[in-house]
Amino acid sequence: LKETRDKYGVVARTKKGQLNGDIALKLRVANGTHTAAAHVMALSKLLLTDTLSSSESEEATAAATLIMEYLDSFFEHQILPAA
């Protein structure tokens with residue numbers, strides 16, 4: 001199992017309940033990230049999260065770029081160390 005993980009990045013779950021734990025963690029990370037994005041977006045007057053992946057105006061694109069950089073940093077410095 002260690003070789004499969006090291007070579008391919010595949011993690012096999014061998015005990016009952018491990019997958020449920022992974023699913024719960026994924027949900028918490030997704031919800032936390034969405035909440036962090038929503039608060040910053042509201043302060044930036046961006047109302048929909050799809051603004052982060054579309055280019056409407058130069059101002060919206062600049063704000064979306066800044067928010068994505070914030071989320072990358074949030075993930076790297078807040079989420080990963082806690083995982």
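Modeller: The buried residues of helix 2 are Ala36, Ala37 and Met41. Buried means under 20% relative accessible area, exposed over 50%, and partly exposed in between, with a 1.4 Å probe and protein chains only. Helices are DSSP runs of H or I with at least four residues, numbered from the N terminus. The buried residues of helix 2 pack against helix 3.

The model is predicted: local features need pLDDT of at least 70, side-chain atom pairs count only at pLDDT 80 or more, and totals for chains, interfaces and linings use all residues. Residues are numbered from 1 along each chain as its sequence is written, and side-chain values use heavy atoms, leaving out hydrogens and water.

Helix 2 has 26 residues. From its first C-alpha to its last it reaches 38 Å, close to the 38 Å expected at 1.5 Å a residue. The expected span is 1.5 Å times one less than the number of residues.

Now the packing. Two packed helices are described by the angle between their axes and the distance between the axes. The axes of helix 2 (residues 18-43) and helix 3 (residues 58-82) come within 11 Å and cross at roughly 140°. That makes helix 2 oblique to helix 3. Axes are lines fitted to C-alpha atoms, for helices over the stretch in contact, and angles run from 0 to 180 degrees between N-to-C directions. Under 35 degrees counts as roughly parallel, over 145 as roughly antiparallel, 65 to 115 as roughly perpendicular, and the rest as oblique. The crossing of helix 2 and helix 3 is right-handed: the near helix is turned clockwise from the far one by less than a right angle.

Helix 2 makes the contact through Val29, Gly32, Thr33, Ala36, Ala37, Val40 and Met41. Helix 3 supplies Ile67, Tyr70, Leu71, Phe74, Phe75 and Ile79. Contact means heavy atoms within 4.5 Å. These residues divide into 11 nonpolar, two polar and no charged. Ala, Val, Leu, Ile, Met, Phe, Trp, Tyr, Cys and Pro count as nonpolar, Asp, Glu, Lys and Arg as charged, and the others, Gly among them, as polar.

Take Met41 next. It is buried, with a relative accessible area of 2%. Not counting residues up to four places away in sequence, Met41 touches Leu46, Leu48, Thr49, Thr51, Leu52 and Ile67. Met41 and Ile67 are 26 residues apart in sequence and 7.4 Å apart in space, C-alpha to C-alpha.

Just after helix 2 comes Lys45, with a positive phi of about 65°, although Lys45 is not a glycine. Lys45 is found in the loop between helix 2 and helix 3. Lys45 is exposed, with a relative accessible area of 73%.

Conventions
Helix = DSSP H or I, 4+ residues; strand = E, 2+ residues; numbered from the N terminus.
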